[in-house]
Amino acid sequence: MARLSVQRFRNLRQAELTVGAGPVVLLGENGAGKTNLLEALSFLTPGRGLRRARLGDLESRLPGNEGAGQGGWAVAARVETPWGAHDLGTGRDITTAPGQERRVIKVDGEFASSQAALGAVLAAVWVTPEMDGLFREGASERRRFLDRLVYAFDPAHAGRLSAYERALRERARLLREGRGEPEWLGALERTMAEKAVAIAAARRDMVGRLAGACAETSGAFPRAELGLAGDAETWLDELPALAVEERLQTRLLESRGRDSETGGAVVGAHRCDLLVHHGLHGRPAGLCSTGEQKALLLAIVLAHARLTGLERGGMPLLLLDEVAAHLDARRRDALYEEILAMGLQAWLTGTDAAPFAALNGAAQRFRVQDGMFIE
Amino acid sequence: MAPSEIDRLIQQLARLPGLGPRSARRTALYLLQRREQSLLPLAEALSRAAERIRPCHVCGNLDDSDPCRICRDRERDLSALCVVEEVGDLWALERSGAFKGHYHVLGGCLSALDGRGPEQLNLDSLWQRARDPAVKEIVLALSATVDGQTTAHYLAERLAGLPVQVTRLGQGVPVGGDLDYLDDGTLLAAFSARRPA
Ligand SMILES: [Zn+2]
């Protein structure tokens, strides 16, 4: 990331930042706009950003902006990759009606038809205070976390996921309304099964390689042991992909009655879970202390960055919201050391300057106040 | 107050795809200032099109004759039928020269979320045409979107019992891509790499 410009995005009316290759520290009070900037950055990758927001909610509601009615929010950046520099841009599609929200994607000045075009250039992984419960709560957050790690390796993963989810929603709609001839439902189930197997294969591949990278964790961070639960994800252990596809289709066919009542589907890619254990004492991550959980999460994220750098070349952006202040000094130093050693562009936020003292000289700092950035 | 004729023209132009209010005003002005070279020939072409161009009752193509000239062309291969979503896809395939048989335009693809089911598509005549003993192969040239692929699965299932080979375009069509946006080389490659659906 070399240059970033944000417009009408939450409390950031207009921000322009020029940054170097190393870490970036954003300092400011709560509500100043630090997390909003990280969120804006996260929209330069596929998905709904770091807060999973609705696109309409991102629009600035600042005095002087309402009623202007021109253009929605927009984020643009120049990104340096090992394969050259690219210009990325995204924003709310102002031609669509409210409620039918869509964002437009531009890569190197050309409109792109899918968000995967962003993923081909840039990957980002984040750790935010909202993820504190990642290992304790339901599987869906962990699944999203895993899928985001996959994007960095396989940008097409985002497209497969949204295709799968659309087919899942279409099937649910047909079942709920009780219409839809069996062949139509069958066609949707076949689409779901095809996508689910491709999704499962990508997740398995990621977890396999990431488990290897985590095994090399040493020093201040605990070693995370990774596993994968799910339908297609585990069936692929014993069956070839085509057989798994058929099994998924059969199960979906058999469960139409039940699924019409629940509105979901009893099998599929939406039921996978990332399993994490502490490598030292073997306890499930969800039962570890809060500090251990945070350290495990960072260990996974750092292992993923190492792996990405090694195998794909370009490094993902690392967005660490309010992370540094909650680490003890030993882990904080280890985190900074890894970030600097890998040449990661990490964006770190905090209210106090003190926890970032060890990065003095190596990191670029901005003070954030009322949506303005002062270097 | 009733809108003036100029406002009416601008409003009509602004409804066209790709034209906003600004470019509609520009286009209106352009036409009005070139009455002989542009405005009258365009008006004439529009009124002739409105009068004469109709969907072909056989394949769904748009033409000034029914059946359309592709359906009437005796040089074309009667044994191959290519199913597309929109007339725009048919035009794209014709431009590329990738296909020499006959077409069938569905008028969209299945989409439960958009409220488009089999009864909204041009399917009854497809079932009929598929039973024509002259037809040996049906190529499903549908877009690589979720709905396009689901529609292809649906057609493959419904056509499975008939003595025709059902194929779909090969690799090379990008996910989410509409045929209309593909270059001729990609279309040719996708056609020659078609595989059983
Ligand atoms: Zn015709």
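Tutor: What follows takes up aromatic contacts, charges over rings, a surface patch and an annotated region. This is a predicted model, in which local features need pLDDT of at least 70 and side-chain atom pairs count only at pLDDT 80 or more, while totals for chains, interfaces and linings use all residues. Residues are numbered from 1 along each chain as its sequence is written, chains are lettered from A and ligands numbered from 1 in the order in which they are written, and side-chain values use heavy atoms, with hydrogens and water left out.

Student: How many aromatic pairs are there over all chains?

Tutor: There are four, where rings of Phe, Tyr and Trp (its six-membered ring) pair if their centres lie within 6.5 Å, and planes under 30 degrees apart count as stacked, over 60 as edge-to-face and the rest as tilted. One of them joins F9(A) and F43(A) edge-to-face, at 6.1 Å centre to centre and with 65° between the planes.

Student: Why does that pair tie together separate parts?

Tutor: Because F9(A) lies in strand β1 (residues 3-9) of chain A and F43(A) in the loop between α1 (34-42) and β4 (74-81), the pair connects parts 34 residues apart in sequence. Helices (H or I, at least four residues) and strands (E, at least two) are DSSP runs, numbered from the N terminus.

Student: And are F9(A) and F43(A) buried or exposed?

Tutor: F9(A) is buried at 0% relative accessibility, and F43(A) is buried with a relative accessible area of 0%; buried means under 20%, exposed over 50%, and partly exposed in between (1.4 Å probe, protein chains only).

Student: Which cluster does F9(A) belong to?

Tutor: F9(A) also forms an edge-to-face pair with W73(A), at 5.5 Å centre to centre and 80° between the planes, and W73(A) sits in the loop between α1 and β4, 64 residues away. Ring pairs thus link F9(A), F43(A) and W73(A) into a cluster, and W73(A) is buried at 1%.

Student: Switching topic, which ring does R34(B) lie over?

Tutor: R34(B) lies over the face of Y30(B), 3.9 Å from the ring centre, where the criterion is NZ of Lys or CZ of Arg within 6 Å of the ring centre and within 35 degrees of the ring normal. In chain A, the charged end of R247(A) sits over the ring of W235(A), 4.8 Å from its centre.

Student: Where is L62(B) placed?

Tutor: L62(B) is in strand β2 (residues 62-63) of chain B, and at 38% relative accessibility L62(B) is partly exposed.
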